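Please open the model in your viewer and keep the selection panel at hand.

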Amino acid sequence: MPERAPLLRTLVALAVTLVAGAALLFGAPARSGPVQPLSVGAAWPDVQRGSVPSHLPDGSTYTPGLFFDARTSVGTVRSADNRFLRLIVLESGGEAAPTVRELRRVPSADRGPFSAPARSGDRLVWVETVKSRPQLWVADLTVDGSARMLTDDVGALRLYDSQYDLTVTDGTVRWAAAAGDGTEFRSVPIGGGRVTVQREAGDWGLSAWPWAVDGQTAATGASTLRNLTTGVDVAVPTGRRAVTACSPAWCEIVSLNSEGDTRIELSHPDGSARRVVAEGTVGTVISDVAVLDRFQVIGRTGPQSELSGNQELLVHDLTDRSTVLISPDAADIAYRGGVLWWSTGDRNSYVRNSLDLRTV
């Protein structure tokens, strides 16, 4: 037995040497701590991305309102002399000059930008506001000069910067309007016709048809989902110290943890599958919850945020519970119809970037 002691010491020394060498070669073992987000390239190598100029060649400013794909968008152009507003379809060709197609041109006086665009096949619907009075317009994307007013009987239209502000299903355009202490769900055929009104008590907004969600102005947010076709209600998770927002598939619960940081959780409307998706100096940055029933879009502030006003843009993927860093320095974050977009740069020189989440 004594003869084996030197051999044992030699083996232990050799093992220590090998471990030390491995640390020098491969790096020390990772320390425990928050899991770092993946890059877009590592997480989604085939996702479609694009960029949109903030100014057109004539100096006019462009603000997208809806992306058809990562490179094609529709939005508002304000002329360099501030006299006109145009609704255009812009196709970005990479290094080539963008292709511009005009759908509508109006004087800018007493008007707001074209808003709440929604697409159904070859048809595009949007809201125009003239002297604070909203109108609903429609155009055939395959026919030049086809823009026409669909109706000005829109009621006290509610716009929440959500992809559901206007919804188009089964050839019908739908929206929500305030009506005293209640809500009107209004609709009109996309081809034109009479506006129909369905009245509901309470403060509601549209979600994925046929669902509506309440609590649009409540301090704690949503408490109920309602099927507007069947009248069935679904109670959703709530809390005294949390703010809840819901889609038919997921509910977002935002609260403060014991350390005073923000916690973002998701669960199904029945309360099942509840999980924390982000914690710290985080917050929600778009109106819609768990878009495509898969992606939760999150903003996170850092030391430079107070100086730049920008933040990290993150997306949590519910399928594998991974978090992806979309941009380390994002502003003007928006989402609609499957595409996420944001700006990078400063107010004098910036680019809008797009990511088609449908292609993940």
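The stops below give what to select and what is found there.

**Conventions.** This is a predicted model, in which local features need pLDDT of at least 70 and side-chain atom pairs count only at pLDDT 80 or more, while totals for chains, interfaces and linings use all residues. Residues are numbered from 1 along each chain as its sequence is written, and side-chain values use heavy atoms, with hydrogens and water left out.

**Whole chain.** Select the chain and display its secondary structure: three helices and 29 strands are present. Helices (H or I, at least four residues) and strands (E, at least two) are DSSP runs, numbered from the N terminus. Of the 360 residues in the chain, 44% are buried; buried means under 20% relative accessible area, exposed over 50%, and partly exposed in between (1.4 Å probe, protein chains only). Switch to a surface: the chain exposes about 18,800 Å², of which carbon and sulfur atoms supply 51%. Accessible areas come from the Shrake-Rupley method with a 1.4 Å probe, and for residues only the protein chains shown count as cover.

Select strand β14 (residues 182–189) and strand β15 (residues 196–201), which run antiparallel and are joined by six bridges. Two strands pair if DSSP finds at least two bridges between them. At Gly-182, look across to Ala-201 in β15, which stands opposite. The two strands, β14 and β15, form a hairpin with six residues between them. In the turn, select Gly-192, which has a positive phi of about 110°.

**Cys-246 and Cys-251.** Next, select the one disulfide that the structure holds, formed by Cys-246 and Cys-251 with their sulfur atoms 2.0 Å apart. A disulfide is a pair of cysteine sulfur atoms within 2.5 Å. The torsion about the S-S bond of Cys-246 and Cys-251 is about 110°, so the disulfide is right-handed. Cys-246 counts as buried at 9% relative accessibility, and Cys-251 is buried with a relative accessible area of 0%.

**His-316.** Finally, select His-316, placed in strand β26 (residues 311–317). Is His-316 buried or exposed? His-316 has a relative accessible area of 4% and is therefore buried. Beyond its neighbours within four places in sequence, His-316 is in contact (heavy atoms within 4.5 Å) with residues including Val-277, Arg-294, Phe-295 and Thr-323. The side chains of His-316 and Thr-323 also make a polar contact (3.1 Å). A polar contact is a pair of N or O atoms within 3.5 Å; within protein, one must be able to donate a hydrogen and the other to accept it, and residues adjacent in sequence count only if both atoms are side-chain atoms.
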